[in-house]
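Biologist: Hey, I've got this one open on my screen. Can you walk me through it in plain words?

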Amino acid sequence: MSDMNEHAPGQSSQMPESPQKTKEDKVARMGTASIPRLIVEFAIPSILGMLVNGAYNLIDSIFLGQAMGEIGLATATVAMPIMTVFMAISMLVGNGGNALAALRMGEGRRDEAERSLGNTVSLSIGLAVVVAVVAHIPACIDGLLAVSGATAEDWEYARSFIQIISLGFIFQCIGMGVNNFIRTAGAPNRALSTMIVGAVSCTLFNFLFVMVLGWGVQGSALATICGQAISCACVLWYFIMTKSAPMKLRVRSMSLHMRTIGLIVSLGLASFAVQAGMAVVNFVLNNLLNMYGSMSAIGAEGALASIGVVQRVAMFSVLPLIGVAIAIQPLLGFNYGAHLYARVRKTLWCGIFGATCIGAVLWALVHLFPEQIVSFFGIVDDGLRDFTVFALKVQLFMLPFIGFQIVGSNYFQATGQPAKSIFLSLTRQILFLIPLLICLPMALPGMFSQLTSLDALYFATPVADFLAIFTTAVFIVAEMGRLGKLERGEIAAKF
């Protein structure tokens with residue numbers, strides 16, 4: 001009789017899983033699988049993806065520095081705060097929409113997760129139109145360049161670069177922002193591949209347009225748009241054409257829903273605050289560099305070029321830490337939505353440990369190879385190179401501990417506590433760093449005669465980092481107590 005139950009040769013012993021079950025398993029495993037294993041699976045492509053995304057700015061700087069020297073680097077430095085604003089807008093809708101989708105998937109409300117995806121795409125399109133129009137209004141672009149610290153030498157270069165980039169902002173907004181949804185859909189490697197293809201394309205186009213054809217800043221801007229457009233096409237293809245995607249981009253889900261938009265914006269404000277804070281810092285810093293640089297031997301253009309390199313290396317060093325925070329976001333959101341609070345706590349601490357280890361490795365690399373890093377950007381003058389190397393070491397002094405602050409503040413965004421996340425995101429960039437940038441150049445030279453006002457500018461960053469890390473620690477300790485009460489049923493989660 002037992003033979004009656006055996007399958008014929010060549011037949012599977014089990015019925016094949018339905019596509020719908022496969023989709024559900026991709027998401028459901030976030031609440032059941034090993035947390036360290038999930039974090040590694042999600043974090044590796046997320047970190048690489050953030051590095052790839054940050055590579056756009058780095059690639060532009062390297063090619064412009066090699067092709068045009070200090071004026072090319074100064075132009076990229078002036079454009080950087082405006083480009084950071086563009087990134088802030090894309091992260092506002094992208095990270096906010098993704099956080100909402102992760103929470104809804106954890107609650108088992110797939111239709112609302114798809115509505116979050118569709119509304120995110122619609123918001124991206126609308127914001128892209130606004131950005132392109134504003135960038136081509138003379139009064140607006142001139143005002144932005146003025147507060148960015150543009151000088152007479154790099155003004156027209158920076159204007160041209162920004163206006164071209166603004167026309168392709170739609171590709172950045174979808175290619176970068178909506179890319180995060182692919183991770184929540186349980187396909188982190190696919191999310192990475194969509195970003196890699198864009199960055200590789202950007203590099204190739206930069207080499208062709210800048211180095212071969214000699215198109216300068218216009219060529220670099222066009223190369224960036226081309227890379228972002230290819231990445232955007234890959235992201236849309238996944239949600240429209242891939243049958244195994246747990247979430248689909250449907251026309252009906254793109255109809256704007258006011259409550260959904262409100263939740264997307266509220267959850268995305270923390271990510272927006274981080275990037276907007278960077279932009280404000282860059283606006284302030286560029287103007288201070290012009291002022292104090294003109295008083296020093298390296299001059300204003302040299303100061304812009306030097307600190308511009310330091311800022312890019314610092315940004316690139318922080319991106320892997322942000323990648324860890326983004327990687328654990330769907331895991332935090334899903335398990336918090338499913339009331340699996342022990343898994344939420346474990347995910348947070350594993351994420352902090354991973355970010356701290358990465359920060360320590362990057363700190364070591366910066367201190368072992370600072371001259372090589374600086375020379376890679378085309379800085380050849382001995383005095384300027386020495387100044388840049390010292391500034392790089394000082395500014396990244398707290399790098400091993402910054403991961404705690406980034407992951408900690410992102411935790412509150414992922415668990416539906418936007419107000420706390422926004423506050424913590426603002427501490428490092430706005431509440432602490434900007435006052436220090438203004439005050440230290442006036443105070444430090446009087447306390448230490450060997451330091452100039454220009455030197456004092458980069459000492460502000462490690463001090464601000466320390467204060468932000470301490471503040472985040474206070475919030476995390478309080479949150480651990482709240483999670484304990486949620487586990488014991490003494491209070492109920494609200495979102």
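**Helices, rings and a loop**

Modeller: Let's start with two helices: the axes of α10 (residues 258-293) and α17 (residues 453-488) come within 9 Å and cross at roughly 155 degrees. Axes here are lines fitted to C-alpha atoms, for helices over the stretch in contact, with angles running from 0 to 180 degrees between N-to-C directions. Helices are DSSP runs of H or I with at least four residues, numbered from the N terminus. Before we go on, this is a predicted model, where local features need pLDDT of at least 70, side-chain atom pairs count only at pLDDT 80 or more, and totals for chains, interfaces and linings use all residues. Residues are numbered from 1 along each chain as its sequence is written, and side-chain values use heavy atoms, leaving out hydrogens and water.

Biologist: New topic. Where does Met 91 sit?

Modeller: Met 91 is in helix α3 (residues 70-106). Met 91 counts as buried because its relative accessible area is 5%; buried means under 20%, exposed over 50%, and partly exposed in between (1.4 Å probe, protein chains only).

Biologist: And what does Met 91 touch?

Modeller: Not counting residues up to four places away in sequence, Met 91 touches Gly 96, Met 176, Gly 268, Ser 271 and Gln 275. Take Ser 271: Met 91 is 180 residues from it in sequence, but their C-alpha atoms are 6.0 Å apart in space.

Biologist: What about Ser 116, buried or exposed?

Modeller: Buried, at 0% relative accessible area. Ser 116 lies in helix α4 (residues 110-135), and beyond its neighbours within four places in sequence, its contacts include Gly 97, Phe 181 and Ile 264.

Biologist: How many aromatic pairs does the structure hold?

Modeller: It holds 12. Rings of Phe, Tyr and Trp (its six-membered ring) pair if their centres lie within 6.5 Å; planes under 30 degrees apart are stacked, over 60 edge-to-face, and the rest tilted. Tyr 411 and Phe 412 have ring centres 5.1 Å apart and planes at 85 degrees, so they pair edge-to-face. Tyr 411 is buried at 0% relative accessibility, and Phe 412 is buried at 0% too. Elsewhere, ring pairs link Phe 387, Phe 390, Tyr 458 and Phe 459 into a cluster.

Biologist: Last one. What is phi of His 339 near?

Modeller: It is near 65 degrees, a positive value in a residue other than glycine. Most residues other than glycine have a negative phi. His 339 lies in the loop between α11 (299-337) and α12 (341-368), and His 339 is exposed, with a relative accessible area of 51%.

Methods. Contact means heavy atoms within 4.5 Å.
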